[in-house]
Amino acid sequence: MSWQEVIVEAQSEAVEAVSNILMEAGAEGIQIDDAADVDSYEPADATVWVDWDVVEHREAGALVAGYFPENVNLPEVINDVQMRVNQLADFGLDATPGTVTTTAVKDADWATEWQKYYHPVRVTRHLTVVPKWEEYVPAQKDEQVIVLDPGMAFGTGTHPTTRLMMQALEIVIRGDERLLDVGTGSGVLGIAAKLLGASSVLGTDIDEVAVRSAQGNLDLNPIASDIKVMASDLLQDVPAQEFDIVVANMLAEVLVPLIPQVESVLRPGGKFLLSGIYQDKADVIVAKLEASGYVVDEKMKLGEWYGLIAQRASEDEK
């Protein structure tokens, strides 16, 4: 079987958006070569040191490749992807040069190329992400392993925005929290939350295709057997209930309308964790949070990306 590879060249800040565009166009896997990943790279073995002056790597921008079955209408896919990439500027994202190209890839070649990009990565002090085909033995007693199929969805723990959220979860989770993961993607944050001690997790994503993708990763991790994932446009279909923590790792343009909605599902005094925030959007998101009654407890930065830990005012503080 052959696959069609559609490649988009863009800037690092547009990687998440381009990945989503390719997935929504029907890609069955995404591969990312992002210069920004060098800033946040941490090997699973902390004793390993990488000399980036001698290791070949991308030095600027990013290439995002989506893999499509050979029977798709490729010209139609390319036109759709190109149009949507061109529109990213309307959302304040720099996707230049925004070129869309394609090549044919044999199935065996894709598998080889795919797997060489993904290896165990120690994301935080306690959390290591391991691709499902790797045999991995934790190096430390307190190390927790998240098993993922990187081909199923974007958000595999290696991108700075995902790493920031996993670090934030380590900071705020004390045990027995109820957590809502808005735009769950690969499900990695929900799995991380359960490993860190959350009692219950509900994940949402935009449609049933995304939900099935997340469920595939949840099924690889026994700790995630009771995580529920559902289709919902932001909070639109979330059942009425209160959570202790709400997590949202998505573009700043989506976070802005989400922020005032979160009060309806977050208990007073609860934590709101946000990422997907490119450096030039951080002040806008902080201002929106403060205008909505939140206190920003911590502002985290990795490369050109920000993550925020905010707290909703308690009843005594109102």
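Predicted model: local features only at pLDDT ≥ 70, side-chain atom pairs only at ≥ 80, totals over all residues.
I shall discuss the second largest cavity, whose volume is about 40 Å³. Which residues line the second largest cavity? They are Asp181, Thr184, Gly187, Gly190, Val201, Leu202, Gly203, Leu218, Ile227 and Val229. Strand β9, residues 200–205, supplies the largest share of the lining, namely three residues.

Let me turn to the sheet. Three strands form an open sheet in the order β5-β6-β7, and their pairing is mixed. The edges are taken by β5 (121–122) and β7 (144–148); each has a single partner strand, so one side of each is left without a neighbour in the sheet. Between β5 and β6, the latter covering residues 127–131, there are two bridges, and these two strands run antiparallel. Within this pair, Arg122 stands opposite Thr128 of β6. A helix also belongs to this picture: α5, residues 160–172, packs on the sheet and touches β5, β6 and β7. The direction of α5 makes about 140 degrees with that of β6.

I close with the backbone.

The peptide bond from Thr96 to Pro97 is cis, with omega near 0 degrees. Pro97 is located in the loop between α3 (74–86) and β4 (99–106).

Asp176, in the loop that lies between α5 and β8 (178–182), has a phi near 75 degrees, a positive value in a residue other than glycine. Leu234, in the loop between β10 (228–231) and β11 (243–249), likewise is not a glycine and has a positive phi, of about 55 degrees.

Is Asp176 buried or exposed? The relative accessibility of Asp176 is 61%, and the cut-off for exposed is over 50%, so Asp176 counts as exposed. For Leu234 the relative accessibility is 15%; buried means under 20%, and Leu234 therefore counts as buried.

Note on methods: Residues numbered from 1 in each chain as written. Heavy atoms only, no water. Pairing = 2+ DSSP bridges. Helix = DSSP H or I, 4+ residues; strand = E, 2+ residues; numbered from the N terminus. Contact = heavy atoms within 4.5 Å. Axes fitted to C-alpha atoms, helices over the stretch in contact; angles between N-to-C directions. 1 Å grid on protein atoms, 1.4 Å probe; cavity = no way out; pocket = protein on both sides within 12 Å on 5 of 7 lines; lining within 4 Å. Points joined across faces, edges and corners; volume = space filled by probe spheres on them. Buried < 20%, exposed > 50% of the residue type's maximum accessible area, 1.4 Å probe, protein only.
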